[in-house]
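Please examine the structure shown below.

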Amino acid sequence: MIRFENVTKRYGKGREALRDVSFEIDTGELIFLTGHSGAGKSTLLKLIALIERPTRGQVLVGGRNIGRLAARHIPAHRRQIGMVFQDHKLLEDRSVFENIALPMIIAGYRQREMRGRVRAALDYVGLLDREKQTPAMLSTGEQQRVGIARAIVARPKVLIADEPTGNLDPDLSLDVMNLFRRFSEVGVTMLIATHDLGLLDRVGGRRIVLDDGAVAATDGQTQPAT
Amino acid sequence: MNAIVNYCIRHAQNCIGALGNLVRQPMASTLTIAVIGIALAMPSGLNIIVSNGRALAGGFEDIRDFSVYTKPGATLAQAENLRGRLDDDDLVANTRLISAEQALEELRTDNEFGDVVIALADNPLPHTVVVRPIPKADPEKLQILTERLAQDPLVDIVRLDTEWVRRLNAFLELARRAVWIVATMLVGAVIIIVGNTIRLDIQNRRAEIEVSKLLGASDGFVRRPFLYTGFWYGIFGGCFALLLLAGSLWALSGPVERLVRLYGGGFTPLGMDGATIALVFAVGLAAGLAGAWSAVARHLAAIQPKV
Ligand SMILES: Nc1ncnc2c1ncn2[C@@H]1O[C@H](COP(=O)(O)OP(=O)(O)OP(=O)(O)O)[C@@H](O)[C@H]1O
Ligand SMILES: [Mg+2]
């Protein structure tokens with residue numbers, strides 16, 4: 001579902017944030033992306049969402065090379081990908097319901113279908129009774145769950161999350177990870193960046209480890225030199 | 001079919017949503033709308049005034065009176081004789097003789113010149129024959145008539161009374177052009193006002209635009225609410241302009257009626273007709289959309305999501 005082939009990313013004239021990265025993720029897999037701060041985790045996720053373009057190499061999502069995708073096709077590409085952000089990026093002046101409905105409005109769903117799906121997503125993250133509140137009235141963990149509900153409401157094929165548990169206590173973090181595991185069980189391909197290694201030990205699952213922009217290991221094994 | 005219905009629903013939602021945004025900031029919206037309304041009403045009002053002036057001047061077009069002044073020494077009998085000859089001319093509808101005495105008497109009762117005239121020993125004024133040609137008189141034949149009159153030993157000068165009509169027409173043409181120039185400038189001002197208002201709107205909704213782009217919103221999706229905002233500014237600005245025009249015309253209605261009575265009812269003043277209303281709306285709408293487009297084109301692309 002997601003395939004990187006010798007991908008290098010350099011910001012401007014600076015040093016390379018990603019160096020010759022190659023890996024493959026199958027449909028429905030749940031992969032954790034780890035590595036020290038500055039290793040290039042966020043950069044890698046940005047390439048998948050086309051927030052940044054690769055400098056060299058190919059990024060394939062669903063078999064399509066998106067690295068050279070024309071700008072006018074980027075919105076359609078992003079609508080196939082759910083994104084969860086560390087700072088959740090909720091709109092403060094909209095209700096929880098409206099925040100979660102936004103991807104469906106963008107995708108042009110009808111009102112009635114939207115209502116049902118937003119409620120289902122809220123129910124999924126356990127916030128059904130909070131739909132009329134604004135994000136400011138929720139705790140950090142609840143805001144993060146609203147962000148997750150928004151990421152899944154339009155039923156993306158791929159879900160990427162950048163430090164989704166960065167602001168959460170260990171129990172809440174585990175809850176969120178268990179939510180993610182349930183998505184992957186229904187066939188959503190997931191890539192989650194985190195440096196919370198303690199949490200990963202409790203959750204388990206395949207990992208890609210980045211070290212200074214290069215893949216140091218996948219699944220705990222050192223990647224053979226290419 | 002379904003896609004078309006969806007498309008229409010989305011546009012309707014955006015249209016109403018943009019209206020909602022204006023209502024949510026009543027003070028700012030009202031001020032913008034007022035400025036647009038004034039900018040649209042001014043050239044429209046001036047245009048109505050100039051159109052009325054042209055209609056009035058058009059009524060004078062077939063008045064081609066001229067006055068024939070006798071030489072200083074001419075007697076009243078000679079003037080009567082001149083008048084008689086002119087009356088017999090085929091080109092002349094009627095004539096009127098103003099004797100030197102009558103003219104002096106008129107001046108004497110005039111507040112400004114009265115004292116000066118009383119001080120005069122002799123009457124310095126000539127006799128005057130005012131000639132009104134027949135309505136369909138050939139201008140060339142009239143020309144020949146006036147030239148021949150000017151050669152007459154009894155006649156001092158022949159003065160066309162219609163000079164002022166030509167001057168008025170020239171002035172009205174100038175005024176008409178001036179109205180167009182003012183209109184062009186004010187429409188430009190409306191475009192700038194709407195563009196600036198929407199630029200601020202875009203800045204205020206930056207977070208929303210960024211998040212929408214991250215979630216896969218197309219340029220069209222992000223653009224639409226702002227274009228509809230421009231649309232509403234145009235519509236409401238047009239409405240306000242028409243209200244201002246109606247109010248101004250109402251305030252002028254008293255003096256206008258008096259003026260019409262002075263013209264013996266032969267002149268119907270032009271007001272706001274359908275064409276004016278349609279034009280004010282069309283220009284308001286076009287300027288609103290143009291302003292919105294200019295803001296959207298310059299400022300929306302610059303907003304790219306940062307993660
Ligand atoms: N927009 C940018 N412009 C220039 N350099 C950047 C930009 N974004 C990231 N970098 C650089 O690229 C490298 C990788 O950054 P990245 O954000 O991908 O790291 P990360 O693994 O997500 O780190 P963290 O765990 O701290 O979030 C860093 O050296 C960073 O300074
Ligand atoms: Mg990061």
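This is a predicted model: local features need pLDDT of at least 70, side-chain atom pairs count only at pLDDT 80 or more; totals for chains, interfaces and linings use all residues.

Residues are numbered from 1 along each chain as its sequence is written, and side-chain values use heavy atoms, with hydrogens and water left out.

Chain A is divided into domain 1 (1-80 + 160-226) and domain 2 (81-155), with bounds from an automatic or database domain assignment. The C-alpha centres of these two domains lie 23 Å apart. Their contact (heavy atoms within 4.5 Å) takes 21 residues from domain 1 of chain A and 16 residues from domain 2 of chain A.

Between the two domains about 1,700 Å² is buried, and carbon and sulfur atoms give 67% of this area. Buried area is the accessible area (1.4 Å probe) that two parts lose on being put together, summed over both.

On the side of domain 1 that touches domain 2, α2 (74-78), β7 (158-162) and α6 (170-185) of chain A each supply at least two residues. The largest share, six residues, comes from α6(A). Helices (H or I, at least four residues) and strands (E, at least two) are DSSP runs, numbered from the N terminus.

Helix α6 of chain A also holds both A:F180 and A:F183, three residues apart, about one turn of the helix.

Note on methods: Chains are lettered from A and ligands numbered from 1 in the order in which they are written.
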